[in-house]
Amino acid sequence: MSEKPTELDTAGTEAEAAIIDRVKYTVLEQADNRVTLEITAPDMAAILEQADQNGATAQDILNRLNGENVPTKTTTLTVDLDENGKMIESREFVDAMYGGLLTYLDGFVLEREELG
């Protein structure tokens, strides 16, 4: 039996789509089994820090992502390609595509653990 998605689940799914819709990338260099990319995505650390300070809801964050003047973060990284030329998605690549969200969440969890 499946459960009905909650408002938070729905906003989270929509937020993920809003992040990915705003991602832009450029291939800077490709050589053999590596490619260097420049990825620009919404700066999720800045957005979430502001949301935390203002007591924002998941819907508020979604509205921010869909609004004007969304802060961005640009990351340049080199990723490996497999034997078929397909990109091997590293944690750094996923973090860049989501505007530093994984790094932000790592810090958030560490901070909560320290507070005990």
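Student: Asp43 is buried yet has no salt bridge. Which side chain of opposite charge is nearest, and how far away is it?
Tutor: Bear in mind that this is a predicted model, in which local features need pLDDT of at least 70, side-chain atom pairs count only at pLDDT 80 or more, and totals for chains, interfaces and linings use all residues. Residues are numbered from 1 along each chain as its sequence is written, and side-chain values use heavy atoms, leaving out hydrogens and water. Buried means under 20% relative accessible area, exposed over 50% and partly exposed in between (1.4 Å probe, protein chains only), while a salt bridge needs a side-chain nitrogen of Lys or Arg within 4 Å of a carboxyl oxygen of Asp or Glu. For Asp43, the nearest side chain of opposite charge is that of Lys73, at 5.6 Å.

Student: Which backbone nitrogen does the side chain of Asp43 reach?
Tutor: Asp43 sits in the loop between strand S2 (34-42) and H2; helices (H or I, at least four residues) and strands (E, at least two) are DSSP runs, numbered from the N terminus. Asp43 caps the N-terminal end of H2 through a side-chain oxygen. At 3.3 Å, that side chain reaches the backbone nitrogen of Ala45.

Student: Where do the buried residues of H2 lie, seen down its axis?
Tutor: Helix H2 spans residues 44-54, and its buried residues are Met44, Ile47, Leu48 and Ala51. They fall within an arc of 90 degrees, taken from the directions from the helix axis to the C-beta atoms, so they line one face of the helix.

Student: Which residues have the most contacts inside the largest nonpolar core?
Tutor: Such a core is a set of buried Ala, Val, Leu, Ile, Met, Phe, Trp, Tyr and Cys residues joined through side-chain atoms within 4.5 Å. The largest has 25 residues, and H2 is among the elements that give two or more residues to this core. Those with the most contacts inside the core are Ile39, Met44, Leu65 and Phe93.

Student: What is the phi of Asp32, and is this residue buried or exposed?
Tutor: Most residues other than glycine have a negative phi. Asp32, in the loop between strand S1 (24-31) and S2, has a positive phi of about 45 degrees although it is not a glycine. With a relative accessible area of 79%, Asp32 is exposed.

Student: Near what value is the phi of Asn69?
Tutor: Asn69 lies in the loop between helix H3 (58-66) and strand S3 (72-80), and at 72% relative accessibility counts as exposed. Asn69 is a residue other than glycine with a positive phi, near 55 degrees.

Notes
A polar contact is a pair of N or O atoms within 3.5 Å; within protein, one must be able to donate a hydrogen and the other to accept it, and residues adjacent in sequence count only if both atoms are side-chain atoms. Lys and Arg count as positive and Asp and Glu as negative; His and the chain ends are not counted.
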